[in-house]
There are 2 protein chains.
Amino acid sequence: MARKKIGKQTVKLQQPPSIVSTASTVGPKEGKGPLSHYFDIILTDDLYGENSWELAESKMLRETIRAAIQRADKNIVDIEYLLSGDLLNQLMAASFAARDLDIPFFGLYGACSTMSESLSLGAMLIDGGYANHVAAATSSHFSSAERQFRFPLELGNQRPLTAQWTVTGAGAAILAARGDGPYISHVTTGKVIDLGIKDANNMGAAMAPAAANTMVAHFEDTGFMPEDYDLIATGDLGAIGKEIAEEIVFDKGYNISKVFNDCGLLIFDNRVQDTHAGGSGCGCSASVFCGYIYKEMMEGRLNKVLLISTGALLSSTSALQGQSIPCIAHAVTITNILKH
Amino acid sequence: MARKKIGKQTVKLQQPPSIVSTASTVGPKEGKGPLSHYFDIILTDDLYGENSWELAESKMLRETIRAAIQRADKNIVDIEYLLSGDLLNQLMAASFAARDLDIPFFGLYGACSTMSESLSLGAMLIDGGYANHVAAATSSHFSSAERQFRFPLELGNQRPLTAQWTVTGAGAAILAARGDGPYISHVTTGKVIDLGIKDANNMGAAMAPAAANTMVAHFEDTGFMPEDYDLIATGDLGAIGKEIAEEIVFDKGYNISKVFNDCGLLIFDNRVQDTHAGGSGCGCSASVFCGYIYKEMMEGRLNKVLLISTGALLSSTSALQGQSIPCIAHAVTITNILKH
């Protein structure tokens with residue numbers, strides 16, 4: 001077994017990288033939700049002064065990365081890698097953001113799992129000795145996602161109650177070889193799981209088995225138990241997916257109910273904001289982690305968190321061809337306390 | 001500076017991973033080209049027994065990965081990470097291939113730069129102590145790419161002479177912590193470069209500055225000179241892009257003319273195969289590297305190669321919105337001889 005590997009899907013970082021800063025931006029609707037005061041920038045207009053939603057999303061991602069770099073008291077030239085991706089075809093948001101940032105760039109696609117995918121690879125690049133500073137970032141935009149994956153917004157289609165609301169938001173984290181934490185101590189990399197769900201309006205149910213699979217692998221590989229965590233936060237399972245995931249994990253012998261929550265449930269008040277099963281999108285776990293979770297960790301109100309961003313890897317082509325939805329979830333342990 | 005970093009964009013691997021096996025698959029047209037006898041599998045039908053070109057591409061990628069694993073005398077369970085991506089929206093080929101492979105999966109998007117992006121990250125994961133065996137793989141398919149990026153094939157559109165022909169092909173490489181080479185010794189990660197080209201039928205010209213930028217960074221960071229290499233192979237600049245890249249690099253003080261070639265020029269005989277400026281697609285540098293280059297290295301006819309897969313990060317949305325084409329190129333040094 002490789003020297004930093006523990007179990008089948010997990011690595012333990014030898015010198016856990018520190019998350020030295022984050023920044024988050026959200027749209028107007030997210031800015032009216034329960035986490036409002038945790039976000040750094042709340043847009044008043046979801047076009048953000050641009051001519052298209054796609055360009056607005058790219059600008060949001062770019063400016064969020066810039067803000068995180070600034071907060072880390074660093075300059076663009078100090079950041080050795082940018083690890084980023086988004087939901088848009090060919091990563092239009094990340095590719096165009098990277099164009100304006102002049103940082104060596106690894107484009108990632110993990111759908112809504114991109115925040116933890118970028119944190120995973122970023123942490124390994126630093127602990128591996130390849131970089132001292134890395135930016136991990138992602139975004140999504142309700143309007144660019146709806147028209148790409150579902151219907152033109154102008155149609156005013158009704159959405160079933162299982163549907164989730166793609167978050168307009170971006171999050172960026174700067175990881176560093178040295179810092180005062182919180183630290184990324186473990187990385188559990190997910191496998192693609194597909195139990196046959198074909199409904200693009202029920203992605204929580206599609207993603208739940210992938211989230212559960214990664215969680216169970218994490219517990220088995222590390223020996224951690226749910227009670228070792230102050231919070232286990234999935235990316236965007238929403239109300240339906242969260243219940244399913246909790247049940248699958250329970251059947252495997254782990255009761256996570258006391259510490260389990262979902263970023264898609266935290267970001268909106270579904271009763272009053274009409275977001276049905278909850279938030280989704282890469283920007284969901286990105287903004288909730290970089291806004292709410294990170295700040296709660298900095299205050300010491302959360303000390304050990306398992307972030308499991310969850311991605312539904314469907315495309316409109318695969319959906320039109322009648323295929324089911326392959327899903328993935330990546331987990332990272334983020335902790336204030338390092339025990340060696 | 002991080003311990004394995006040399007210069008601004010390059011890392012030197014401390015224990016260079018060995019490429020212990022490769023496999024390549026190409027379509028019928030590529031199988032009639034000049035590299036025909038280097039490819040492992042040549043499809044007789046580009047639908048490969050599937051109902052859509054997208055599913056055919058995914059099957060081609062999956063089976064090529066399986067073949068590479070088998071040649072390395074390994075089983076699926078021995079492969080600790082699969083690093084893969086493709087041109088299709090939301091990586092339909094790679095996501096669906098990963099679903100059937102049960103390997104922890106990092107989805108990448110670098111357009112046609114994906115072969116060297118996956119080799120880069122794969123090599124760093126192994127040298128960093130996170131894995132002993134990693135699969136790096138990518139694919140493209142002429143028919144799935146044409147209809148996604150340009151026009152339905154049924155229209156029979158004429159293609160300008162600057163256009164390139166997307167290769168139907170896949171390549172997979174198994175990297176290992178121990179092996180007899182060829183080894184990945186250096187990784188130079190590209191930045192996104194966009195000099196304003198908007199013509200999706202002239203991607204060679206769009207990508208050339210990115211390829212040149214990465215090449216020059218590589219020479220400056222490592223101190224290598226063009227004559228240190230037996231072959232410097234870009235991914236898919238084609239005839240037009242190759243000439244531009246060579247000129248930009250020459251202006252920066254490096255004469256690469258004696259060792260420079262392009263996978264897009266090697267794979268087709270443009271005079272008789274009507275492929276205009278040459279081949280393109282993730283599968284172009286993937287199949288040429290995993291077929292031709294790797295086998296020539298194993299025979300000792302090539303001993304040190306710089307592979308620079310090149311990606312045009314456009315989407316049909318960005319093109320329709322009048323945006324220019326952001327491009328990227330990642331370089332890896334692959335060598336038979338290790339000097340420590």
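Which residues does Asn213(B) touch, not counting residues up to four places away in sequence? Asn213(B) touches Gln9(B) and Ile193(B), where contact means heavy atoms within 4.5 Å.

## Before we start

This is a predicted model, in which local features need pLDDT of at least 70, side-chain atom pairs count only at pLDDT 80 or more, and totals for chains, interfaces and linings use all residues. Residues are numbered from 1 along each chain as its sequence is written, chains are lettered from A and ligands numbered from 1 in the order in which they are written, and side-chain values use heavy atoms, with hydrogens and water left out.

Asn213(B) belongs to helix H5 (residues 203-222) of chain B. Helices (H or I, at least four residues) and strands (E, at least two) are DSSP runs, numbered from the N terminus. With a relative accessible area of 31%, Asn213(B) is partly exposed; buried means under 20% relative accessible area, exposed over 50%, and partly exposed in between (1.4 Å probe, protein chains only). Along the chain, Asn213(B) and Lys198(B) are 15 residues apart, and their C-alpha atoms are separated by 19 Å.

Now look for Leu307(A), which is found in strand S14 (residues 304-312) of chain A. Leu307(A) counts as buried, at 0% relative accessibility. Leaving aside neighbours within four places in sequence, Leu307(A) is in contact with residues including Ser116(A), Leu119(A), Phe289(A) and Ile334(A). Leu307(A) and Met92(A) are 215 residues apart in sequence, and 25 Å apart in space from C-alpha to C-alpha.

## An enclosed helix

Met92(A) brings us to helix H2 (residues 92-99) of chain A. Seven of the eight residues of this helix are buried, so the helix is largely enclosed by the rest of the structure. The buried residues of H2(A) are Met92(A), Ala93(A), Ala94(A), Ser95(A), Phe96(A), Ala97(A) and Ala98(A).

What covers the buried residues of H2(A)? The cover includes helix H1 (53-71), strand S5 (81-86), strand S6 (105-107) and strand S7 (133-140) of chain A, together with helix H10 (316-320) of chain B.

## Rings and charges

A pair of aromatic rings is described by the distance of the centres and the angle of the planes. Rings of Phe, Tyr and Trp (its six-membered ring) pair if their centres lie within 6.5 Å; planes under 30 degrees apart count as stacked, over 60 as edge-to-face and the rest as tilted. A search of the whole structure finds eleven aromatic pairs over all chains. One of them is the stacked pair of Phe142(A) and Trp165(A), at 4.0 Å centre to centre with 5° between the planes. Phe142(A) lies in helix H4 (residues 142-149) of chain A and Trp165(A) in strand S8 (residues 165-166) of chain A, so the pair ties together parts that are 23 residues apart in sequence. Both Phe142(A) and Trp165(A) are buried. In chain B, Tyr81(B) and Phe106(B) are stacked too, with 5.5 Å from centre to centre and 20° between the planes. This pair links distant parts of the chain, 25 residues apart: Tyr81(B) is in strand S5 (residues 81-86) of chain B and Phe106(B) in strand S6 (residues 105-107) of chain B.

Rings can also have a charge over them: NZ of Lys or CZ of Arg must be within 6 Å of the ring centre and within 35 degrees of the ring normal. Lys304(A) lies over the face of Phe224(A), 3.5 Å from the ring centre. The charged end of Lys59(B) sits over the ring of Tyr48(B), at 4.3 Å from its centre.

## Cysteines without partners

How many disulfides does a search of the whole structure find over all chains? The search finds zero disulfides, a disulfide being a pair of cysteine sulfur atoms within 2.5 Å. The closest cysteine sulfur to that of Cys327(A) is in Cys112(A), 9.4 Å away, too far for a bond. For Cys282(B), the closest cysteine sulfur is in Cys112(B), and at 4.9 Å that is also too far for a bond.

## Where the chains meet

The contact between the chains takes 63 residues from chain B and 63 residues from chain A. The area buried between them is about 5100 Å², of which carbon and sulfur atoms give 58%. Buried area is the accessible area (1.4 Å probe) that two parts lose on being put together, summed over both. Gln90(B), Phe106(B) and Tyr130(B) supply 16% of the area that chain B buries against chain A, more than any other three residues.
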